[in-house]
Amino acid sequence: MGFEIINIANDGKTLILRSDDAAGRNELAVMYQTEDGWSDPEYVGNYRFQLFRDHRGDYVYPDTVDYYTSDDGRVIAIQQTKQFSIDYGRLTSDAYVFIKNAEGKWIQHQVNQNGAEVMRNMLLCGDGTKLLWSPLQINPTGVPHYSEMK
């Protein structure tokens, strides 16, 4: 099984990874810098990246997965393609946040609820306590949505 490095926390001690194996796990994982090098990969909950089939029926990874990480790597937000077109790329997206609690367990939250699709360019503050995102549907106030990360 291999891993692709997809992000690094600002502390430089936490790598964010995506597994890439023939069994199709395609999961989110992290590795931490230790005194002896790097830890073994730790899977972030049971989240699996969604795969799509191309016109030949082969699985493809959409290149439209965006990653946001708190400075210390304890909060990871991703914007995952929900609907994908080979011709047009990302059509709609969902947003997920993973928070590592005090017991060391990763808790997953879906940010957009009630059918709201997420537009590009979410923002996660450095300490991981706030996420700013905009819904795809028309927002009459023009104000982006704001989510407290707890």
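Leaving aside its neighbours within four places in sequence, which residues is Lys100 in contact with? The answer is Tyr32, Glu42, Arg74, Lys105 and Trp106. Keep in mind that this is a predicted model, and that the protein chain averages a pLDDT of 76. Here's a quick tour, starting with confidence and moving on to the charged pairs.

- Across the protein chain, 65% of the residues score a pLDDT of at least 70.
- Among the chain's elements, strand 4 (residues 37–38) comes out with the highest mean pLDDT, at 95.
- At the other end is strand 14 (residues 145–148), whose mean pLDDT of 56 is the lowest among the elements.

**The salt bridges**

- Searching the whole structure turns up 2 salt bridges.
- As a bit of background, side chains of opposite charge can pair when their charged atoms come close.

**Arg18 with Glu4**

- One of the salt bridges joins Arg18 and Glu4, with the closest N and O atoms 2.7 Å apart.
- Arg18 sits in strand 2 (residues 14–20) and Glu4 in strand 1 (residues 2–8), so this pair ties together parts of the chain that are 14 residues apart in sequence.
- Arg18 is buried, because its relative accessible area of 9% falls under the 20% cut-off.
- Glu4, with a relative accessibility of 36%, counts as partly exposed.

**Lys100 with Glu42**

- Lys100 also forms a salt bridge, this time with Glu42, and the closest N and O atoms are 3.2 Å apart.
- This pair links distant parts of the chain: Lys100 belongs to strand 10 (residues 89–100) and Glu42 to strand 5 (residues 42–48), 58 residues apart.
- The side chains of Lys100 and Glu42 are also joined by a polar contact of 3.2 Å.
- With a relative accessible area of 14%, Lys100 is buried.
- Glu42 counts as partly exposed, at 24% relative accessibility.

- You'll find Leu124 in strand 12 (residues 123–124).
- Leu124 is buried too, with a relative accessible area of 15%.
- How many residues apart in sequence are Leu124 and Ala77? They are 47 residues apart along the chain, yet 7.5 Å apart in space from C-alpha to C-alpha.

How values were computed
Residues are numbered from 1 along each chain as its sequence is written. This is a predicted model: local features need pLDDT of at least 70, side-chain atom pairs count only at pLDDT 80 or more; totals for chains, interfaces and linings use all residues. Side-chain values use heavy atoms; hydrogens and water are left out. pLDDT is the predictor's confidence in each residue, from 0 to 100. Helices (H or I, at least four residues) and strands (E, at least two) are DSSP runs, numbered from the N terminus. A salt bridge is a side-chain nitrogen of Lys or Arg within 4 Å of a carboxyl oxygen of Asp or Glu. Buried means under 20% relative accessible area, exposed over 50%, partly exposed in between (1.4 Å probe, protein chains only). A polar contact is a pair of N or O atoms within 3.5 Å; within protein, one must be able to donate a hydrogen and the other to accept it, and residues adjacent in sequence count only if both atoms are side-chain atoms. Contact means heavy atoms within 4.5 Å.
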